Amino acid sequence: MVATRRALLGVSAAVAMAATGLWGAGSPAAARPVVPAVAPGLAPEADVSHHGHVSLWEDRLGVRLESANSGPWDLADVTVRLRFSAPLAGSQGLPQGCLRGGRSTVLCRMGPLPADGEIRRAALDLRLGSRPAEVVMRVDTVWSGGVRDRAPRNNEHEVLAPATGDAYAF
């Protein structure tokens, strides 16, 4: 089934590029082929990854996040969900594109992610409602447009951050 899908995608790409003349030597699109429309019955796919680190000290939680897409489809928009095992303090100074999704959840719009692996970054400095000895942070993607990720291991993480002030990678 996977081989059939890949074969169809390869044929679709070749037909689309040949029909529009995008393989011309002087064409800017020659360096990067246009991703074809999705064939009927096939869902578009991408490979999003989220990496970074989290640190906890006193009632502060620092999160540094990098998101990228290895393709094959460009993504018009990607939203990351950060869930914490401890509730956040009532008011937060969140970066542009981020909002509260509940007592212990933050959602951040990472924006469009082209299939070339371009990295988008976000930095959060959060306050917790208490001073826990540790916090577990869960990271995952909220998709838009029906694009699915067949390899979610690099965009779904769970990391334990003890209250040491050290950065714990994910």
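**Exercise 1.** Determine which residue of the hairpin of β1 and β2 takes a positive phi, and how many residues lie between the strands.

*Solution.* The model is predicted, so local features need pLDDT of at least 70, side-chain atom pairs count only at pLDDT 80 or more, and totals for chains, interfaces and linings use all residues. Residues are numbered from 1 along each chain as its sequence is written, and side-chain values use heavy atoms, with hydrogens and water left out. Strands are DSSP runs of E with at least two residues, numbered from the N terminus. The hairpin has 2 residues between β1 and β2, and Glu58 takes a positive phi near 50 degrees. Strand β2 covers residues 60-69 and runs antiparallel to β1, to which 10 bridges join it; Trp57 has Arg60 in β2 as its bridge partner.

**Exercise 2.** Give the strand order of the open sheet, and explain why β1 is largely enclosed.

*Solution.* The order is β6-β2-β1-β9, with antiparallel pairing. Because β6 (120-127) and β9 (168-169) each have a single partner strand at the edges, one side of each is left without a neighbour in the sheet. Taking buried as under 20% relative accessible area (1.4 Å probe, protein chains only), 7 of the 10 residues of β1 are buried, so β1 is largely enclosed by the rest of the structure.

Terms used
Pairing = 2+ DSSP bridges. Helix = DSSP H or I, 4+ residues; strand = E, 2+ residues; numbered from the N terminus. Buried < 20%, exposed > 50% of the residue type's maximum accessible area, 1.4 Å probe, protein only.
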